[in-house]
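Please open the structure in a viewer and keep the selection tool at hand.

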Amino acid sequence: MRLPFWRRHAARRRPFSPVSLLLTITSLVTSPASAISFTPAPAANLDLSQLGRVGVAGDFTGISLFQFEEQNERPFNSNGSEALLARLPNGVFAPIVDTDATIQTMCTFIMSDGTNAGVVIGGNFTSLGDLQSTAIALFNPNTSTVTPLPGLSGQVNAVLCDQDTNSVYVGGSFGGANSTNAVAWVGTQGWTNLPFAGFNGPVTSITKASNGHIIFGGSFTGLGNASLPSTPDSQVINLSSASISSGSSTTTQGFSDPKNIVCKTSGADGAGNTWLLQDDSPGFWQATFNYGFRPSKLRLYNTHQDGRGTKTWRFTALPINGIMNFTYIDPATGNNASCTSECPLSNDANVTFQDFHFVNIIGMNEFRIDISAFYGSGGGLDGIELFQNDIFAYAINDFNEPSCAGLQFGSQATPTGPWVVTPSHSSTSEYLTAQLSSPITNSSASIVFTPDIRQSGNYSVSVYTPGCLPDGTCSSRGQFVITGQMTAVPTNKTFAHKTLYQTNDYDKYDIIYSGMIDASSSSFRPQLTMTPLAGQSVPNMTFVAQRVGFILMDSTGGLNGLFEYDPSSSSVNISDFTNSAFDQLGASFNAGSAVNVLATSGDVTFIGGNFTSKTARNIVAMNGKDATTQSLDGGLNGEVDSMFLTGTSLFVGGSFNGTLDNSVQGLDSVAVYDTAKNTWNPLGAGVNGRVLKVVGMTMNVTGSTPEVVVSVNGDFNQLQAFGNNSAVSVSGFGVWVPSQGNWLQNLQLPVESVNGILSTSMLDITGNNSLYAGSLSSATLGATGAATVSNTLGRFPVKIQAPTAASSGGLSKRDTVTSDSSTLAGVVTGVFDTNNGRNMTILGGHFAATATDGSTINNLLILDGSNNDNVFGVGPQIQANSTFVAMAVQGDVLFAGGNVSGTVDGNNVNALITYNLASKSFNTQPPALNGGNGTVTSIAIQTTTGNVYVGGSFARAGGLGCPGVCFFSTASQQWNQPGNNIDGTVSSLMWASDTILLAGGTLKVNSTATTFLAKYDASKQVWDSYPGSDQLPGPVDVITAGTSDGSQIWVSGTASNGSVYLMKYDGSTWQSAGDTLRAGTQIRGLQIFSLTSSHDSTPLVNSNEIVMLTGSIVLPTFGSASAVLFNGTTFTPYALTTNSGNTAGSIAHIFTEKNDFFNTGSSQLPLVFVVLIGLAISLALMFLIVLAGLFLDRLRKRREGYVPAPTSMYDRGSGIQRIPPHELLEGLGKGRAGAPHV
């Protein structure tokens, strides 16, 4: 059990300046500069060069490639916990530090010497990352480390980092450092009290005016701090529920039980009333409690039984083992006195009791009174009482004031529901826990706290919540509602209910009310009621209740939500209020006003909240230079909750719908004020509910340079229609893009997708990325249902509406022969059609889209790239609740199947339709497929014949019996049964070769053999079980080729035990990928891809290839991913998606323009060209050999003295003339020369 914490009274506080924090800040300031870093994920290295265009179809609104280890598909938190966020280089938001609650405010603390001390973070959290940190901490963006700043208890709403004063001004609903609701952190000195010691109500915003003064805004009526009640020490600590023990007690009957003196206030001696020690022996009396407390007064009744009595004693607080100091009045002299280890107790019989006041108010849950000296034969006591100033009402009545105290209006609690007592663990006391099952209502459990309020006055009321980490209930904690009845005045006896979270990791308290509370009387008692928030989506909720506390506030008065503080002044006087234009402006507001937000631009400070005055309502501007006010067209006609100022644009959110003078319409809950032109303008047509937060962001919208955009969060579900923009359904989050004058959700641009809760941001961190706080799900590209993939992600030029749950007519996963029965939605399949010069993209599924002519397209969309990207559908003949799951194009005809029904040209269609893409009209439709579920799940075209094979859950094609598989002859335009020895339901078809068709599902061959994978030989028209298919653990859902010749295949399906399996047939045996995939996995597609960079070769996957799984794949330690790569040993995320409704999306299908999955980008030539090139090379080599031979022969002759013979006629003639005739005839008679001799 932890000792109690409490917002201590000012008179008993000590200044806080821990040396350890000084060292921490010093190390923070001198830390090396390095921006927030993220870990790149391994590159996918997919070779898409041979595939043409690549498309992704699925059920998503945003998609990202997995490029950084910090990415995930987790939805944003809706349990109140948030995180400190930064943007990855691909635009996705990633958490840096998780919290258990909300980060409300941030600022960069640049100290007076210019050093950057870090980012100050404030909120209502109790932990940051793995560190316990209450309300405020320091974050170092250079090292991503967190330094808790202990000393405050409660909630921080606002921080202002001021370099000029070397201070961080902190405001909220908290106590600490001898101040309430406002305090300062100065340089490296730590917490420092402001001269006015805080306010009597919460501070919600702080800004710095142009005159250097600090402006506080909130719900306060004066400066003030916690004060003691007029009657201190009035709350009785319950000793009757404590565990009482003693040492050296007497053995005399009736006097040995140490419990005798509990609830005894008469001072009467006697058996059963007196506790005695053994004769001549010191001893002790000890009490142990199941809750913590901070006593302020001890009352002891001495015994006089048989001349005995206690003479000296000491009080030891446990478990700290500290001997306490006391002050008291000496009954003999009437003088004040003090004591520590030997406190005296009077032996005067006329002194019924003595009161001893604790010098130090500390927490304890156990104490011991040691009696060291005694009167007569031994010591003893007749009674003991313990009191405190703290006013609590506990959920466990044993901890409330005891009934034996005789109090007329003692504190109490009234629980209703399945409450049980829970151990304190590390909290200050035991508490009640109720386990509630869905549906959660406000009557599932409740508890009413009734405190002992003895003095009317202004109080601060807090509800305490034990942490969820110690009792292990963080996953089941939820929200609760607390309402209160504080005064007897009928018009002011209740305050609006507050909704709070109980998901805090460690103990916390929330201030729920600051204001007047009437003292308890016979006609009225203050009450607080806690109930769970009705309708929250927590299947099994853990609801806890511990205690509520009340602090009497001492206030100067004279303020009303605004206070101007001059940091150069060492003191603050009430008379200064009249000299401040800000204070006087607040004084002009009606009673009960509140300032929610402040923003300063130049000399002007803008003030927003819930207030009215003669000149302004809910928003007003104050010029700090000349003390003039601007009414901003009279203000707004509803409360202002948040503002964001960028340049000359002041974005405002709240619960209004126009200006007070009604001069501007369309300002539904959000608006922008031009500070240069002094005009209001709408953001589209606003939203349909209250805006609670307006926060700045940066985003690359139309170029590489980020621009400022504005997020709005609140209680709305629609961005309202305006101009040519229809209404957009959202979950309380929208992003306005000022440069486009439109909501991000309306822009058909390649921009990020963001959804969730954004509480605050910092866009100007020197040397680092911007910081954000909230809980977001985001994606690199906002695209609904379909996207393109190349080096980057891209959008199709289509406008598909965000997916919604499919109707009852939609195709369920059960229809597709998988184990899940959820309804398909979004884009399920896609085809690129380039036949006959067309350039069409066809998307099918269960969705709605907008055609180029503005009409609505349902479920089947055609994008004509050859006609200026004209978008059209097939018309209203097909019912809107249809779902297309398989498509193929043969010639000019689109075959599209699924859970499809409608009427075309007066004829009913079911499961399959045909549509002529050339004429853009329906063909004569094939006879409908009926029987079974009447659905088509797969279409495969035999390329050699053009026949279209369809598989699914049906029994007949028109009047033809054709169970599970049927083919449509495009030549004869009629259905045919492929073989007659197959029956069952088919989930997937694939041609392994020109004549071999594979079918996966739940099938029977020859009416006897059940198989999960069958093959059909089209040349023989015979079905048979696929080799080794008896080794498959369940029906096959998906098939893909493992090699280009189809001799190897990959399959996936659902095993009999409900798990998902992935297996490969290598041509002779089946091999399993293992049981790596976790529960919840749904594999919708398989595909082999070639790689640009090889991985290590494995028995399952070649080194230059990889297997892609699509769907919703749950990986160990990572969670879900919509596309995953498998290299034979390891699964790695490839693509992540987000979806509307705060859920992860899924990818159903990867479709490509070409199917050259087994060709790499090395450009292999056809065989004929290879042969021709080889022949040409051979001829060239022969030619070179001949030339070389001629050259060598010529060289030889020249060396041997050969002279070329004359060739001209002139040479011949002149030569003959010079030779004598007898020489010409001289050798005619000579014989041939003989053989040469060696």
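**First stop: the disulfides**

Select Cys339, which is buried, with a relative accessible area of 8%; buried means under 20% relative accessible area, exposed over 50%, and partly exposed in between, with a 1.4 Å probe and protein chains only. This is a predicted model, in which local features need pLDDT of at least 70 and side-chain atom pairs count only at pLDDT 80 or more, while totals for chains, interfaces and linings use all residues. Residues are numbered from 1 along each chain as its sequence is written, and side-chain values use heavy atoms, with hydrogens and water left out.

A disulfide is here a pair of cysteine sulfur atoms within 2.5 Å. The torsion about the S-S bond of Cys339 and Cys343 is about 95°, so this disulfide is right-handed. Cys343 is buried, at a relative accessible area of 0%.

Next, select Cys107 and Cys161, whose sulfur atoms lie 1.9 Å apart in a disulfide. Cys107 belongs to strand 5 (residues 103–110) and Cys161 to strand 11 (residues 153–162), so the pair links distant parts of the chain, 54 residues apart. Helices (H or I, at least four residues) and strands (E, at least two) are DSSP runs, numbered from the N terminus. The S-S torsion of Cys107 and Cys161 is about 60°, so the link is right-handed. Cys107 is buried at 10% relative accessible area, and Cys161 also counts as buried, at 17%.

Now move to Cys263 and Cys404, a disulfide with its sulfur atoms 1.7 Å apart. Cys263 lies in the loop between strand 19 (243–247) and strand 20 (275–276), and Cys404 in the loop between strand 31 (391–394) and strand 32 (412–416), so the pair ties together parts that are 141 residues apart in sequence. The link of Cys263 and Cys404 is left-handed, with -40° about the S-S bond. Cys263 counts as partly exposed at 31% relative accessibility, as does Cys404 at 38%.

The count comes to five disulfides. With the bonded cysteines numbered in sequence order, the pairing is 1-2, 3-6, 4-5, 7-8, 9-10.

**Second stop: salt bridges**

A search of the whole structure finds 20 salt bridges, a salt bridge being a side-chain nitrogen of Lys or Arg within 4 Å of a carboxyl oxygen of Asp or Glu.

Select Arg299 and Glu385, which form a salt bridge with their closest N and O atoms 3.6 Å apart. Arg299 lies in strand 22 and Glu385 in strand 30 (residues 380–388), so the pair ties together parts that are 86 residues apart in sequence. Arg299 is buried at 15% relative accessibility, and Glu385 is buried at 14%.

Then select Asp279 and Arg308, whose side chains meet in a salt bridge at 2.0 Å, N to O. Asp279 is partly exposed, with a relative accessible area of 47%, whereas Arg308 is buried at 11%.

**Third stop: two residues and their contacts**

Which residues does Gln305 touch, not counting residues up to four places away in sequence? They are Phe255, Asp269, Gly270, Thr274 and Leu276, where contact means heavy atoms within 4.5 Å. Gln305 lies in the loop between strand 22 (297–302) and strand 23 (309–318) and is buried at 14% relative accessible area.

Select Thr698 next, in strand 52 (residues 690–699). Thr698 is partly exposed at 22%. Beyond four places in sequence, Thr698 touches residues including Arg87, Pro706 and Leu763. The C-alpha atoms of Thr698 and Leu763 are separated by 7.6 Å, although the two are 65 residues apart along the chain.

**Last stop: confidence**

Finally, colour the chain by pLDDT, the predictor's confidence in each residue, from 0 to 100. The mean pLDDT of the chain is 88, and 90% of its residues reach 70 or more. Select residues 5–34, over which pLDDT stays under 50, and then residues 804–822, where pLDDT also stays under 50.
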